[in-house]
Amino acid sequence: MAKVLVVTSGKGGVGKTTTTAALGAALAKTGQSVVLVDFDVGLRNLDLIMGAERRVVFDLINVIQGDANLAQALIKDKRIETLSLLPASQTRDKDALTAEGVAKVVSELRKKFDWVICDSPAGIERGAQMAMHHADMAVIVTNPEVSSVRDSDRIIGMLDSTTEKARAGEKMPKHLLLTRYDPQRAASGDMLGTDDVLEILSIPLLGIVPESPDVLKASNLGAPVTIAEPSSAAAGAYMEAARRLMGEDIKVTIPTERRGMLDWLFKWRAA
Amino acid sequence: MSFLSNLFNKRSSAPIARDRLQILLAHERMSVDGSGNQDDLLAKLHREIMEVIKRHISVDQDKVQIKMDRGAQCSVLEIDVEVPGLTDRLAKKDDKDKDDKDKKD
């Protein structure tokens, strides 16, 4: 049975698109068939993060309006055979995302893939609502920082009230993914702790992704971090999160400060 | 360790990011300005090419693949049309002949 997963946050810049790409690639690497759908109409970026920006022909709006069929709009990843992308339109506006149109596309995608991962735009407007509307489960991307936690709380409220699942009286499974976690600041007590965020939002933890230069490097190259830098700590956290989404019961790794020999040496000399 | 990995690393990632952005933005500016709406041009080309093909053969929309590769110097629009096989047509023709015969009988 296909699962529709929305990656959402409310706040912008917390790592939704990075997460969509990295989680999607991690799931696809295990052999699951995965499609990533960009809902950020007018400001698409998932194509760029996936390195497919030169190959976009048709988009989600073209499919909704019948200018192209789904097979023509889907872009197959060149690195992982089971991974595809449905880009958002860059030129149309969000009003073109009709509820019926999105419903039709999502139900068609359900038939073709094991996972349909919807990359939500920031905010709580139409694009974000459409991205979450048909979801079976949600990943809420949050930074350990006050405004991000507040916005996540708002989004959790929307997931529990406006979605199809909520309207049917069912409970939407939600998972917290803490991103841009800084082990050094966590150790010094200058960052909201994982426990604090979990207590405030009270949803289960999917993983903790450390702030990492590998993520920036991967986006420069146009590859999900789980493909570009698979041995990095960030990729490890996403790989773990993907296994947890597939139902495995594994302990969440809490990122720790990892220092090289030279760092220690310099610290010692500076002291 | 970091200087060692820098030594052995082939190429840093920022120049790749810059090149990708330059190509992408050159194309996007063209289509957003409206001066030479490239997205529309592609849609138009696709539509008109398909019209010509449809005049001669019936094409299943699911068997048309469209690929795009935007480059710095030139872009490639690739339209793959699966033409119904000769055997299919012969089979249909046989059926038709048979029908005709049946009618004659």
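User: Is B:Arg20 buried or exposed?

Analyst: Burial is read from relative accessible area: buried is under 20%, exposed over 50%, and partly exposed in between, with a 1.4 Å probe and protein chains only. B:Arg20 has 13%, so it counts as buried. B:Arg20 sits in helix 2 (residues 14-33) of chain B. Helices (H or I, at least four residues) and strands (E, at least two) are DSSP runs, numbered from the N terminus.

User: Which residues does B:Arg20 touch?

Analyst: Contact means heavy atoms within 4.5 Å. Not counting residues up to four places away in sequence, B:Arg20 touches A:Leu48, A:Gly51, A:Glu53, A:Ser219, A:Asn220, A:Leu221 and A:Gly222.

User: What ground rules apply to these values?

Analyst: This is a predicted model: local features need pLDDT of at least 70, side-chain atom pairs count only at pLDDT 80 or more, and totals for chains, interfaces and linings use all residues. Residues are numbered from 1 along each chain as its sequence is written, chains are lettered from A and ligands numbered from 1 in the order written, and side-chain values use heavy atoms, with hydrogens and water left out.

User: What confidence does the predictor give the complex and chain B?

Analyst: For the complex, ipTM is 0.82 and pTM is 0.85. Per residue, pLDDT is the predictor's confidence, from 0 to 100. Chain B has a mean of 73, with 61% of its residues at 70 or more. Within chain B, confidence is lowest in helix 1 (residues 2-8), at a mean of 53. It is highest in strand 2 (residues 76-81) of chain B, at 86.

User: What is the pattern of chain B along the sequence?

Analyst: The pattern is α-α-α-β-β-α. That is four helices and two strands. Chain B has 105 residues, and 18% of them are buried. Of its contacts with a separation of 6 or more, 36% join residues 24 or more positions apart.

User: Now cores. Which residues touch the most other members of the largest one?

Analyst: In soluble globular proteins, nonpolar side chains tend to be buried together. A nonpolar core is a set of buried Ala, Val, Leu, Ile, Met, Phe, Trp, Tyr and Cys residues joined through side-chain atoms within 4.5 Å. The largest here has 52 residues, and A:Phe39, A:Leu86, A:Leu97 and A:Leu109 touch the most other members. Helix 7 (residues 146-159) of chain A gives the most to this core, with five residues. Apart from it lies another core of 39 residues, including A:Leu5, A:Ile75, A:Ile80 and A:Leu85.

User: Why does A:Met137 count as buried?

Analyst: Its relative accessibility is 8%, so A:Met137 counts as buried. A:Met137 lies in strand 6 (residues 137-142) of chain A. A:Met137 and A:Val6 are 131 residues apart in sequence, yet 6.6 Å apart in space, C-alpha to C-alpha. Beyond its neighbours within four places, A:Met137 also contacts residues including A:Trp115, A:Met172 and A:Leu245.

User: How many disulfides are there?

Analyst: A disulfide is counted when two cysteine sulfur atoms lie within 2.5 Å. Over all chains, the structure holds zero. As for individual cysteines, A:Cys118 is buried at 2% relative accessibility, whereas B:Cys74 is exposed at 53%.
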